[in-house]
Amino acid sequence: MGRLGYRQLTGMPDISTLRDRSKGSGRGGATAKQVREPKNWRPFLLLIPAFVVVSFFFLAPLIDVFYRSISDPTLGVQNYVWLFTTPTNMVVAFRTFATSLLVTVVCLLIAYPYAYLMTVVSDRTRNMLQLFIMLPLWTSILVRTLAWLVLLQDTGPINGLLEAVFGIGPLPLIRSTFGVALGMSQVLLPFMVLPIYSALAKIDKRLLPAAANLGARPVTAFFTVYLPLSRPGIFAGSVTVFILGLGFYIIPALLGSSKEIMMSALMYQQISGFLMWGHGTALGIFMLATTIVVLALVGRASKGTNLFAGRGK
Amino acid sequence: MTFKRALGALAVLIVLWLLLPTLVIIPMSFNSAASFNFPPQGFSLQWYENFFTDPSWLRSLGSSLQVALITMVVATALGIMAAIGLSKVKFRGKALLESYFLTPLIVPGIVIAIGLYSLFLRFNLLGTLPGFVLAHTVVALPLVIINVTASLQGVDPKLEQASATLGAGRLRTFFSITLPLIMPGVTAGALFAFVTSFDEIILSLFVQSPQLQTLPVKIYNSVTQTSDPTVAAVAVIAMFTSVLVMLTAQFATRKRKRVSV
């Protein structure tokens with residue numbers, strides 16, 4: 001995976017986005033001029049502390065997870081056999097993918113018009129719209145989930161309103177996929193809006209009038225010109241939301257049903273509840289592998305679109 | 001233009017959906033009844049009083065602040081070094097190394113959590129201050145590196161060369177030339193690191209012990225086990241702490257804008 005692709009996918013670490021955020025508009029800054037000091041080993045020393053910490057407390061734990069998955073209780077692939085042959089595991093995995101996909105689609109449908117609006121308003125309004133998207137990131141997922149818990153519970157205000165106005169309810173707003181998807185979409189939306197906005201901001205505004213001049217109706221112009229050009233942003237946002245969604249634990253635990261758990265809860269259950277380290281770690285490796293496969297697939301796909309977008313300019 | 005107006009209305013709805021639900025926790029914290037039912041009945045400060053008089057809640061707030069502050073210092077120091085190192089070295093695997101430092105942001109937290117749990121179990125680090133700090137540093141470090149790297153891109157290397165030419169050593173050049181120039185990025189990165197640690201829950205749930213619990217862990221345990229209404233007040237306090245810190249970070253990056261323009 002290329003450097004740029006990686007940064008786009010992570011949502012946060014895109015330095016160009018950061019620059020956009022701090023300067024308010026999509027102006028490209030000067031590229032870093034690097035001092036070339038051949039055979040100077042001193043700067044390498046600066047990298048050592050971070051390298052050591054990340055290696056010992058990120059890479060080593062992941063290796064440990066992998067090692068346990070093939071060695072607990074005995075050396076072999078029995079944990080992976082268990083993983084793929086136990087029907088409930090597959091049900092949980094499918095539920096996790098389906099929920100994550102649902103959240104991705106919901107976020108995409110909400111984020112696209114929002115990001116588009118950001119490209120057509122004044123600088124001032126755009127900054128405000130951007131701030132509103134960033135604001136929720138300032139509050140912990142836990143607090144936001146607690147708030148949903150208050151609102152969505154059976155005796156909560158939303159069910160109360162439904163009963164008073166429509167005479168229905170209480171509806172299963174929590175302990176259901178609905179609650180989980182609602183909470184997760186709200187948390188993950190920023191990770192969809194920001195990459196889509198960066199992609200839309202790069203599209204030449206004259207293309208749509210040009211398409212109209214050539215006789216395309218607005219809908220046709222949108223689907224044949226605008227949407228394809230925004231594909232890199234859609235890909236980047238969707239992948240980020242999807243893979244972040246796969247690992248969610250707190251929201252499904254508090255807003256979901258204990259009978260319809262997701263993969264992270266199953267992992268927790270196996271390790272913390274049953275002390276089945278082999279099972280739990282095999283699930284972890286499965287989740288990690290899925291993440292890598294999704295990243296790799298979309299990395300390849302979006303490379304294709306990048307080429308296309310480059311030609312479009 | 002009606003299309004744009006419709007989009008505007010939609011955006012308002014989206015913003016309300018993003019921001020309003022969370023605020024429900026504020027009136028809940030002043031509830032005079034011992035329940036999570038909305039709307040709250042009456043007005044009382046009893047949950048805040050509970051929080052500030054209960055040693056176990058106060059202890060977890062203290063732990064959280066302690067862990068977050070140390071994480072901030074450690075992650076910022078390591079992050080500045082790494083970002084400067086990355087800006088100066090040139091070798092084949094540089095992009096890979098850069099990605100390596102940022103990877104903890106996309107690997108599912110739960111997988112890192114079980115790995116750390118397993119590792120800390122072997123080395124007796126569960127429920128210890130160093131354990132919490134190291135776990136949080138792994139996820140806070142990338143944010144510092146990103147922010148400092150962004151700041152470094154605005155630093156003209158000629159300034160450092162000039163400083164060296166005038167006889168300043170590397171350390172002196174760093175503290176009197178480079179650091180002041182990248183200060184906005186350092187401040188923002190440090191504050192992000194603080195909030196990341198202060199709000200961190202997944203890793204914390206796995207490295208906690210009854211002896212050492214950070215605030216989010218205690219909130220989570222309280223919600224899932226005892227449903228003590230004090231959590232509403234605690235949530236409001238936690239929310240205002242992180243919002244305050246993030247506002248400061250926002251202010252720091254604003255300053256950067258003014259300086260660089």
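## Ile48 of chain A

Ile48(A) sits in helix H3 of chain A, which covers residues 42-71. The model is predicted. Ile48(A) counts as partly exposed because 13 other C-beta atoms lie within 10 Å. The cut-offs explain that label: a residue is exposed at 12 or fewer such atoms and buried at 20 or more.

## Helix H5 of chain A

Helix H5 of chain A runs over residues 87-120 and has 34 residues. From its first C-alpha to its last, H5(A) reaches 50 Å. That is close to the 50 Å expected at 1.5 Å a residue.

H5(A) also has a kink of about 25°. The kink lies at Ala111(A), shortly before the proline Pro113(A).

## Where the chains touch

How many residues of chain B are in contact with chain A? There are 79, and they meet 76 residues of chain A. Several helices of chain B each supply at least two residues to this side, among them H2 (25-29), H4 (55-88), H7 (129-152) and H12 (230-260). Helix H1 (2-23) of chain B is also on that list. H1(B) gives the most, with twelve residues.

The side of chain B that touches chain A has 56 nonpolar residues. Another 16 are polar, and seven are charged.

## Annotated spans in chain B

An unreviewed UniProt entry places the feature "domain: ABC transmembrane type-1" at residues 61-249 of chain B. In the model, that span is 81% helix and 0% strand. Its end C-alpha atoms are 22 Å apart.

The unreviewed UniProt entry also places the feature "transmembrane region" at residues 68-87, 99-120, 132-152, 173-195 and 231-252 of chain B. Residues 99-120 of chain B are 73% helix and 0% strand, with end C-alpha atoms 25 Å apart. Residues 231-252 of chain B are 100% helix and 0% strand. The end C-alpha atoms of residues 231-252 lie 31 Å apart.

## Confidence

What is the mean pLDDT of chain B? The mean is 90, and 97% of the residues of chain B reach 70 or more. For the complex, the predictor gives an ipTM of 0.90. The pTM is 0.86.

Note on methods:
Residues numbered from 1 in each chain as written. Chains lettered and ligands numbered in written order. Predicted model: local features only at pLDDT ≥ 70, side-chain atom pairs only at ≥ 80, totals over all residues. Helix = DSSP H or I, 4+ residues; strand = E, 2+ residues; numbered from the N terminus. Expected span 1.5 Å × (residues − 1). Bend = angle between axes of the 7 residues up to and from the residue. pLDDT = per-residue confidence, 0-100. Contact = placed C-beta atoms within 7 Å. Nonpolar A, V, L, I, M, F, W, Y, C, P; charged D, E, K, R; others polar. UniProt positions renumbered as here; feature names shortened; annotations may be inferred.
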